[in-house]
Amino acid sequence: MSVLGDRLKEEREKRGWSQVLVSKKLGLKRSSTYANWEYGIREPDLEMLQKLADLYEVSIEGLNGRNEKESDFSLPEDVILNVIKEAEA
């Protein structure tokens, strides 16, 4: 499975929804379309990705596996501790 597929499945199961129900909520003609996204066989287009994010009340970045609280830059813990120690001195 893909990161997106894993997150879609996780969000769906968190709500106790079936793939068929999610497909209906999204207005898809076939539930297999949604299933293919979860299985990582296909990926939704940008418009549908936004609909999924809205449905699950998460960001597109969250669906793609990026934690919104993570920064693009982080320092190793030992460096942070050294900076704190120097600041206290």
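1. The side chains of Gln-19 and Glu-38 are joined by a polar contact of 2.9 Å. The model is a predicted one, and this distance, like the other values here, is computed from it.

2. Gln-19 is found in helix α2. Its relative accessibility is 18%, and because buried means under 20%, Gln-19 counts as buried.

3. Setting aside residues up to four places away in sequence, Gln-19 touches Arg-12, Ser-31, Tyr-34, Ala-35, Glu-38 and Tyr-39. One of these, Ala-35, lies 16 residues from Gln-19 along the chain, and the C-alpha atoms of the two are separated by 6.5 Å.

4. Two packed helices are described by the angle between their axes and the distance between the axes. For helix α2 (residues 19-26) and helix α3 (residues 31-38), the angle is about 110° and the axes are 8 Å apart. Angles of 65 to 115 degrees count as roughly perpendicular, so α2 is roughly perpendicular to α3.

5. The crossing of α2 past α3 is right-handed. On the α2 side, the contact is made by Gln-19, Val-20, Val-22, Ser-23 and Leu-26. On the α3 side, Ser-31, Tyr-34, Ala-35, Trp-37 and Glu-38 take part. Sorted by class, the contact has six nonpolar, three polar and one charged residues.

6. Gln-19 and Glu-38 both belong to the residues making the α2/α3 contact, and the 2.9 Å polar contact runs between their side chains.

Technical notes
Residues are numbered from 1 along each chain as its sequence is written. This is a predicted model: local features need pLDDT of at least 70, side-chain atom pairs count only at pLDDT 80 or more; totals for chains, interfaces and linings use all residues. Side-chain values use heavy atoms; hydrogens and water are left out. Axes are lines fitted to C-alpha atoms, for helices over the stretch in contact, and angles run from 0 to 180 degrees between N-to-C directions. Helices (H or I, at least four residues) and strands (E, at least two) are DSSP runs, numbered from the N terminus. Angles under 35 degrees count as roughly parallel, over 145 as roughly antiparallel, 65 to 115 as roughly perpendicular and the rest as oblique. A crossing is left-handed if the near helix is turned anticlockwise from the far one by less than a right angle, and right-handed if clockwise. Contact means heavy atoms within 4.5 Å. Ala, Val, Leu, Ile, Met, Phe, Trp, Tyr, Cys and Pro count as nonpolar, Asp, Glu, Lys and Arg as charged, and the others, Gly among them, as polar. Buried means under 20% relative accessible area, exposed over 50%, partly exposed in between (1.4 Å probe, protein chains only). A polar contact is a pair of N or O atoms within 3.5 Å; within protein, one must be able to donate a hydrogen and the other to accept it, and residues adjacent in sequence count only if both atoms are side-chain atoms.
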